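Student: Please take me through the helix packing in this model, closely. Which helices pair, and through which residues?

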Amino acid sequence: MDRIRFFRLYARETFGCRVRKIPVALPFTCPNIDGTKGRGGCIYCYRGSRPAHLSPRQSLREQIEEGIRQAKDRYGRKTRFFVYFQSYTNTYGDIAYLKNLYDTVLDYEEVVGLDVGTRPDCAPEEVLDLLANYKRLGLEVWIEFGLQSANFETLKRINRAHGVSDLVDAVLRAKKRGLKVCIHTIVGLPGESREDFIETAKLVRALRAEGIKIHPIYVMKNTALAKLYEEGRFKTLSLEEYVRYAVDMLEIIPPETVVHRLTAEAEREKLLSPDYCLYERKMEVIEAIEREMERRGSRQGLLSVEGAGGNFEKLVEEPRRF
Ligand code: SF4
């Protein structure tokens, strides 16, 4: 029995074959870095979440073609692809520039979907209309919004420079156009406890987001969070704690919600803590979450009954960690 509806399961059901995401990095920036909304970015931001193996100096076509070639070598010729615009804020730019970039994916017949990561305060109507147009052209289109926490005090503390209301507004407008929405959440942010993680999961459920990403907070060198960590003012979660909280959240998320990610993938040279966020330990974390679900006799959506108020009976106040 699959206890979690991972993206790979959803994609196989939908497209009838293996589907892989090809992450691409482009020379985008972010309004929370360039001074439009803020400077310095979110306190944990490291290189706008760009994977180490990608370079924005490589053209989009080169990145797509290399991604397709490598995945086909590994997973077979029938594999199909989503192009995933991952790093920084991929809707933050002139509309003609964005159209030109997104149009590139149409040239590859193996590409069945477009996946665009952004901030909830960077979803103007014209960009959502543009994205919706790729649906009409036959692609499945996901838009991924970083929320991280449903607690506004936390958003201020981590310098997100947007509110919870921005997320609600962006999700509703994206869904009105038939775009599939994935919401990013982080477990273990400064000052948060279990009830915050539960509330964040409940917001994702209430918005009927089609997808969710959950990952533990991790500290990269040379970030504002690294300073707090090195001064002893912030601690990351143990693997056992993260697994427990991730399962608590998954129990609230409806069974049909697609789980795009359950852990982080950091590079060894840059990661301060925790060790289990290293790229090479990714499967260990996922397996630990699956084992915890099995131990509880649980599954995604076990407590997702709408209108029932979630799992308040399980809410036990824990000490704030910040
Ligand atoms: S929104 Fe993303 S790219 Fe922008 S500062 Fe925060 S983490 Fe970095």
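**Helix packing**

Tutor: The crossing of α7 and α9 is right-handed (the near helix is turned clockwise from the far one by less than a right angle). This is a predicted model: local features need pLDDT of at least 70, side-chain atom pairs pLDDT 80 or more, while totals for chains, interfaces and linings use all residues. Residues are numbered from 1 along each chain as its sequence is written, and side-chain values use heavy atoms, without hydrogens or water.

Helix α7 spans residues 194-206 and α9 residues 239-252 (DSSP runs, H or I, at least four residues; strands are E, at least two). Their axes come within 9 Å and cross at roughly 30 degrees (lines fitted to C-alpha atoms over the stretch in contact; N-to-C angles, 0 to 180 degrees). The two are therefore roughly parallel (under 35 degrees). From α7, R194, F197, I198, A201, K202 and R205 meet Y245, D248, M249 and I252 of α9 (heavy atoms within 4.5 Å). By class, that contact has six nonpolar, no polar and four charged residues.

Now α3 (residues 95-103) and α4 (residues 125-136): their axes come within 11 Å and cross at roughly 20 degrees. That makes α3 roughly parallel to α4. Their crossing is right-handed. I95, L98, K99, Y102 and D103 of α3 touch E126, V127, L130, L131 and Y134 of α4.

In α4, V127, L128, L130, L131, A132 and Y134 are buried (under 20% relative accessible area, 1.4 Å probe, protein chains only). These buried residues pack against α3, β3 (111-118), β4 (140-148) and α6 (164-176). Just after α4, G138 takes a positive phi of about 100 degrees.

Key. Parallel < 35°, antiparallel > 145°, perpendicular 65-115°, else oblique. Buried < 20%, exposed > 50% of the residue type's maximum accessible area, 1.4 Å probe, protein only. Nonpolar A, V, L, I, M, F, W, Y, C, P; charged D, E, K, R; others polar.
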